[in-house]
Amino acid sequence: MDLLIPSLIDGLLLGFVYGIAAMGLTLIWGVMNVINLAHGAIMALGMFGVYLIFTFLGIHPYLALVLVAGLGLVLGIVIYFVAVNRVIDAPHLSSLLSTFAVNMIIIGLGTAVFTASPRNVDFSMGSFTAGSVTVLGTRVMAAVLSIAVTGGLYLFLYRSRNGRYVRAVANNRDAAELMGVPSTRILGLSFGIGTMLAAIAGALIATFFPFTILAGGSYELKSFIIGVLGGLGNPVGALLAGLILGGMEGIIPAFLPTTWVPILEFIFFVLILLFRPQGLFGGDKS
Amino acid sequence: MQRKWIVSLILILAVILSACGGTAEPSASDSTAEEASAPADTGSTADTEESVEEAPSESMGGESNVVIGFTTSQTGNQNVSSVRQVNGLQLWMDEVNAAGGIELSDGTTITFEGVSYDDESNTDRVQELYTRLATEDEADFLISPYSSGLTAAAAVIAEQYGKVMITTGAASDDTYKQGLTTVFQAYTPASRYLTGALDLLQNTDPDVSRLAFVYENSKFSTDVVEAARAYAESLGYEVVLFEGYDPETADFGPFINKIQDSEPDAILGGGHFQDGSTFARQLDEKNVAVKFFTLLVAPPEPDFADLGQAAVGVIGPSQWEPQASFTADSAAEAGMEWFGPNSEEFVTAYEAAYEGEEPSYHSAGGYAAGLILQKAILDADSVDPAAVQAALDAMDLLTFFGHIQFDTSEEAHGLQTGHSMVYIQWQDEDGLVKEVVWPLEGATKELLYPMP
């Protein structure tokens, strides 16, 4: 029992961040039926963003986060109009290849500029101990910020005009066009929000784990699982599914060697696809 | 419809080509001013040593240029230690060349030239690059990359092309159990890495009984902990946790939770610098109470001090420390042959060459590899690979790096048998300082126990 509680707490805290990462992927997927294979690479850019801003400009990581989020949004909009817009109506393969190409470009440039040597953001917020559980300040902050971001996204989608447009386009692009919604711009905005979430997730992860330009890969895989588990296009579903996955990642090592974690995660993924492909929390594109 | 398929195919091709084009020609970094390209002997496909002896082969005062091939991990996980190793090797080469080279009995002067590439800490690259070094660049001798994993790949290539290779930064025993004949190990083998730590523990606190081994799932660390576990069990310890982690692991949380749950008195393991430092940092962040904590490779690196308080009390096995007391006198006392500079001279020369950078044992290992090769050439009085090999087989030498002697049996040819580890611990003396805590004959300070 003594092992389960700290493991569960660690896993859940990490799960919040996984949720944000997955939200980015699932939003794009849900709104425009595009699988963003550059998701992991953009997360890694978020990690480097915080690292560079903190190390060379001395700005506090959580303030740097705001900057990184803004840059992520802009980058996403650029990527959308350059790489995705022209193939948005084409068969899935084209948009998949397109985002894959963007992924390779980012990783290639990143490796050339930053090399594959691991980096660390030397930032600490201490830790809190309660009984057998010791929790890192940075992880708690990451969880808190994740909840805040989720709240912000929810407010945007359900309480703002642009958010309504996004939902309209996700529901039926042609009908939205007919109602006067500038669908191309909205799609660009949606893609930008998706990449912004990826960048935020990356920035948060950088505050407590070392990373390289390739570090986004494993999180991208988890985002797929979480996206399907939570239901495509459902941000709150993504957060909850992220918690479930994080919890699993925390608990499994308590009983089995840690190397079993990805195996069980993917078996779980296949089971969901087989038995409940619309995800645990519905699947309607809201 | 068809057009879209063609477009998609072109896109796929473009992506594949750009991915291949990305891994461009490796940038050969010349260590000396001279160009690496051997003179174009289009005719002779004969033994490589002939291409070394250039045109005027009049014996008296002839000059010979020997090419030494190796790779550096300029990028990737092994970067930190690899650069140190190559710095050491380069220092040796520069010193020998500055002194005019080595003189053989027939008057030939040998100077050395290094040819190296970036292996990106990647085994596939090592295979490609060492093949290139052995064939296109016509290297006469090879020095291994840093780390057992990469060296295992390089050793096979060396044997295949009949090149003598001195391995350094590579402790795994397995490499030498494959029936290789031209590969010689400078480092103490993995099987003897942690055995001394267990001796130290037993000497300090005989009441300790519970051990946890958490190690990197790499060739080297697995070899080390397997041997250490066997030794620990023979000493009567109880191994309460024995688990490996992926080399790319960034999150040691699950392991640390398991460690806390199994309540060991001592933790041993780790792997290389990156994962070891992260492990130490996260263990400290979680305030885990453990009395004895030994990590592989990372603690002896001066950069480990960047962890600050998290580094205090951490012990690490080291192949060499600046305080090491091997000198010409101690060699004479032990009846051994002495060669090369002593530790103080090496440290001074290294710091002068690298802007005050403190050498780690990786640096010393790089220098020692060159030194061993130099002595072998002098003993063999030639650069002929067979002669040099025989000289290495017969070597029984004391250097600043320690005692050097190779196993000559068929089953373990090339394994290092003379050298052994020293153990350091970081202590807080108005700033972090590395102290040698074991063996007692070489210790500079008493072990800080239990760990704060």
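**Figure 1. The two sides of helix α11 of chain B in the predicted model.** B:Glu344 and B:Ala352 are exposed on one side of α11(B), where exposed denotes over 50% relative accessible area, buried under 20% and partly exposed in between (1.4 Å probe, protein chains only). The helix spans residues 343-353, and its buried residues are B:Ser343, B:Phe346, B:Val347 and B:Tyr350. Helices (H or I, at least four residues) and strands (E, at least two) are DSSP runs, numbered from the N terminus. This is a predicted model in which local features need pLDDT of at least 70 and side-chain atom pairs count only at pLDDT 80 or more, whereas totals for chains, interfaces and linings use all residues. Residues are numbered from 1 along each chain as its sequence is written, chains are lettered from A and ligands numbered from 1 in the order in which they are written, and side-chain values use heavy atoms, with hydrogens and water left out.

**Figure 2. The ends of helix α11 of chain B.** The N-terminal end of α11(B) is capped by B:Asn342, a side-chain oxygen of which lies 3.2 Å from the backbone nitrogen of B:Glu344. After the helix comes B:Glu355, which has a positive phi, near 50°.

**Figure 3. A network of salt bridges in chain B.** B:Arg84, B:Glu301, B:Asp303 and B:Glu357 are linked in this network; a salt bridge is a side-chain nitrogen of Lys or Arg within 4 Å of a carboxyl oxygen of Asp or Glu. B:Arg84 counts as buried because its relative accessibility is 9%, whereas B:Asp303, at 29%, counts as partly exposed.

**Figure 4. The salt bridge between B:Lys445 and B:Glu429.** The closest N and O atoms of the two residues are 3.2 Å apart. B:Lys445 lies in the segment after β17 (432-438), and B:Glu429 in the loop between β16 (422-428) and β17, 16 residues apart. B:Lys445 is partly exposed, at 38% relative accessibility, and B:Glu429 is also partly exposed, with a relative accessible area of 29%.

**Figure 5. A salt bridge from chain B to chain A.** B:Lys286 pairs with A:Asp10, their closest N and O atoms being 2.7 Å apart. The pair runs from the loop between α9 (273-285) and β11 (292-295) of chain B to helix α1 (residues 4-32) of chain A. Both B:Lys286 and A:Asp10 are buried.

**Figure 6. The interface of chain B and chain A.** The contact takes 30 residues from chain B and 34 residues from chain A. The buried area, defined as the accessible area (1.4 Å probe) that two parts lose on being put together, summed over both, is about 2500 Å², and carbon and sulfur atoms give 59% of this area. Three salt bridges are found across the interface. A:Asp122 and B:Arg281 also meet in a salt bridge, at 3.8 Å, N to O.

Methods. Polar contact = N/O pair within 3.5 Å; in protein donor to acceptor, adjacent residues only side chain to side chain. Contact = heavy atoms within 4.5 Å.
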